[in-house]
Amino acid sequence: MSNPHTVELPSYKEQSPEVARHFAEIRERPVKLEIKNLCKTFQNANGSVNVLNDVSLKVHRREFVSVIGPSGCGKSTLIRILAGLEDATSGSFLLDGDQPHGPGADRGMVFQSYTLFPWLTVKKNVMFGLEVAERSQQAAEAEAREWIDLVGLTKFADAYPRQLSGGMKQRVAIARALANQPSILFMDEPFGALDAQTRAQMQSHLLQIWRNVDITVLFVTHDLEEAIYLSDRILVLKAHPGEVLEFVEVPVSRPRSPQQFLQPEFLATKQRLEELIHPRRDIEEEALPITRMTNVGDEAE
Ligand SMILES: Nc1ncnc2c1ncn2[C@@H]1O[C@H](COP(=O)(O)OP(=O)(O)O)[C@@H](O)[C@H]1O
Ligand SMILES: [Mg+2]
């Protein structure tokens, strides 16, 4: 039965020739990250919890991949394992064909919470990893300036974190991660603490940075639109245990722009992700009796 309130959308699997060419081109690139049958079990007071189960995937060089899934499905655990901060229970992963041991400068990290050193200026924060890598002071400073320019904070190089807005702090965190020239960047809900407008600006900004830098990105988010707007592909996980439901190819052309949020292929992808993440929502809504009228402004509750 067709619902008069729903618009007929194309299948999210339908790709324009341009998008199909883009994916064919990505598949030709070398594999940057290969995850093979990764499992993670945690021990807790009630016994053991199987958090990740048999996760396998390949990400190609310079690909932008998002990871979505319900809270607790193991997104952060996956990122922590790949970053070398946690060991897998079984399975393995390869970076450029090699098995890394522990954390390394080849992998950059940006988290949701601000992880800048409050007692250092923007420039010194960005220089931190470069100085650890024993670059000369002069070289480190010149490199830091380039990254600060790239994230659009030239005027704030000598400011302290407390003088910056949330969005600016995350831009410093991105500059600091990129300054170490990692070949892959792991981002765990990096814009999760920002207000909607700043978040939208940061998304566009990240795409601009990514276009200018040879970097592969694995980006965790719970915001479906953010995942679609940014990504080539979206890994959808389910919870208990965290398993791969689908690896979705985003059929939206590049370069991306916020106007695309209303395109049929964007909406079709969003609908598919919603089905995967909240499979029973439509049924529940239909079954619920109407108990009150919805007022404008209720969203703020
Ligand atoms: N160190 C730990 N010890 C025990 N359980 C953990 C630990 N870290 C995470 N978990 C559990 O693993 C599950 C997945 O957590 P997490 O990876 O943070 O999920 P997500 O990021 O998708 O919300 C959760 O149920 C969490 O409670
Ligand atoms: Mg998490």
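Author: Angles under 35 degrees count as roughly parallel, over 145 as roughly antiparallel, 65 to 115 as roughly perpendicular, and the rest as oblique. The structure is a predicted model, in which local features need pLDDT of at least 70, side-chain atom pairs count only at pLDDT 80 or more, and totals for chains, interfaces and linings use all residues. Residues are numbered from 1 along each chain as its sequence is written, while chains are lettered from A and ligands numbered from 1 in the order in which they are written.

Reader: Why are H3 and H5 called roughly parallel?

Author: The angle between H3 and helix H5 (residues 166-179) is about 25 degrees. The limit for this class is under 35 degrees, and H3 and H5 are therefore roughly parallel to each other. Their axes (lines fitted to C-alpha atoms over the stretch in contact, with angles from 0 to 180 degrees between N-to-C directions) are 8 Å apart. Helices here are DSSP runs of H or I with at least four residues, and strands are runs of E with at least two, numbered from the N terminus.

Reader: Which residues of H3 and H5 meet?

Author: Val122, Asn125, Val126, Phe128, Gly129 and Leu130 of H3 meet Val172, Ala175, Arg176 and Ala179 of H5; a contact requires C-beta atoms, placed from the backbone, within 7 Å. By class, this contact has seven nonpolar, two polar and one charged residues. Ala, Val, Leu, Ile, Met, Phe, Trp, Tyr, Cys and Pro count as nonpolar, Asp, Glu, Lys and Arg as charged, and the others, Gly among them, as polar.

Reader: What makes H3 and H4 oblique?

Author: The axes of H3 (residues 122-132) and H4 (residues 137-150) cross at roughly 125 degrees and come within 9 Å. H3 and H4 are therefore oblique to each other. The residues in contact include Val126 and Leu130 of H3, and Ala144 and Trp147 of H4. This contact of H3 with H4 has eight nonpolar, no polar and four charged residues.

Reader: How do you know that Gln263 is partly exposed?

Author: Gln263 has 13 other C-beta atoms within 10 Å, so it is partly exposed. A residue is buried at 20 or more such atoms, exposed at 12 or fewer, and partly exposed in between, with C-beta atoms placed from the backbone. Gln263 lies in the loop between strand S9 (243-249) and helix H8 (264-277). In the whole chain of 301 residues, 32% count as buried.

Conventions:
Two residues are in contact if their C-beta atoms, placed from the backbone, lie within 7 Å.
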